[in-house]
Amino acid sequence: MASKFGLGRGLADLQQEMENIPDISVLAAGGRVVVKQIPLIQIGANPDQPRKTFSDAELAELAASIKEKGVLQPILLRAVDGRPYMYEIVAGERRYRASKMAGLTEIPALVKSITPENAMEIALIENVQRENLNPIEEAAAYKNIMDKCGYELADVARLIGKSDSYIRNIMRLDSLPADVKKMVADGELSASHARTIAVAENPTELAHRIINKKMSVADTEKMVKVATRRASGRAYSSKTIDDATVRDIESRLSSALGVSVTLREKRGGAGQIILSFATRTQMQDLVDKLTR
């Protein structure tokens with residue numbers, strides 16, 4: 001995996017070339033960025049794009065503006081292999097969609113060499129800073145970047161400039177049933193109500209009750225206190241192995257392998273064992289021990 005948060009270096013140079021680009025707040029390091037006119041047929045959407053819903057009315061309004069004034073800000077692309085298209089969108093899918101709607105055949109774009117991990121970071125930061133995501137999309141985006149990039153909750157909090165408790169509370173929504181998620185995405189149920197019932201055994205039933213009775217969040221909290229809770233309904237849980245056991249495992253592995261060992265536990269029993277070596281010789285000894 002690429003080193004975390006290798007973003008930001010080169011941004012000043014980019015801004016000098018392109019002046020202010022408010023929706024692209026960070027970029028991966030390395031390489032000169034050049035604006036090109038890229039045919040739309042050569043561009044594909046990012047499968048890890050956090051934003052899944054786009055308002056038809058907003059797209060039509062933007063398309064009308066593009067017909068009149070053109071695309072005023074380039075989108076950000078990265079070159080990809082093994083896809084039916086040459087470039088994948090990192091930031092600017094809304095402009096890309098509106099340009100197609102406006103009948104354009106090409107679009108101004110910044111093409112940059114960016115790793116998949118950093119592309120996910122940039123797309124997430126862009127959408128969170130511009131408040132483009134509904135709460136369900138936001139929760140899913142945090143889970144996706146944690147699962148695919150190996151990030152911890154604290155890593156995501158630092159990446160987007162939010163508190164650990166904010167990320168933890170939002171991520172409660174990802175554990176809700178699909179029908180309740182739709183209620184939140186459609187605006188029928190508030191995110192605050194949804195977070196409150198996420199720990200309950202029957203969130204769908206409670207969601208309908210909240211909507212039908214127009215219950216306040218305070219009343220919902222009282223209702224959940226007496227409702228049956230499900231074992232997996234709590235928010236992100238970072239540790240299930242106690243510290244003493246972690247230290248014991250690290251010590252035993254370190255003695256057996258002859259290198260420093262760090263154990264990091266994640267959600268659902270997953271995790272990482274990190275082996276650190278100080279010299280090439282120590283690395284080779286470690287490889288020999290692991291491959292015997």
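Predicted model: local features only at pLDDT ≥ 70, side-chain atom pairs only at ≥ 80, totals over all residues.
Residues are numbered from 1 along each chain as its sequence is written, and side-chain values use heavy atoms, with hydrogens and water left out.

Let's start with the charges. Side chains of opposite charge can pair when their charged atoms come close. I call it a salt bridge when a side-chain nitrogen of Lys or Arg lies within 4 Å of a carboxyl oxygen of Asp or Glu. By this rule, there are 11 salt bridges.

One of them joins Glu 88 to Arg 83, at 2.3 Å from N to O. Are these two partners buried or exposed? For that I use relative accessible area with a 1.4 Å probe and protein chains only: buried is under 20%, exposed is over 50%, and partly exposed is in between. Glu 88 counts as buried because its relative accessibility is 3%, while Arg 83, at 38%, is partly exposed.

Next, please look at helix H5, residues 135–149. Helices here are DSSP runs of H or I, at least four residues, numbered from the N terminus. Within H5, Asp 147 and Lys 143 are four residues apart, about one turn of the helix, and their side chains form a salt bridge of 2.7 Å, N to O. Both ends are partly exposed: Asp 147 has 46% relative accessible area and Lys 143 has 29%.

Lys 182 and Asp 186 make another salt bridge, at 2.6 Å from N to O. Lys 182 is exposed, because its relative accessibility is 53%, whereas Asp 186 is partly exposed at 44%.

Now for the ring contact. The charged end of Lys 162 sits over the ring of Tyr 166, 4.9 Å from the ring centre. The rule asks for NZ of Lys or CZ of Arg within 6 Å of the ring centre and within 35 degrees of the ring normal.

Finally, which helix holds Met 283? Met 283 belongs to H13, residues 280–291, and is partly exposed, because its relative accessibility is 30%.

Definitions and conventions:
Helix = DSSP H or I, 4+ residues; strand = E, 2+ residues; numbered from the N terminus.
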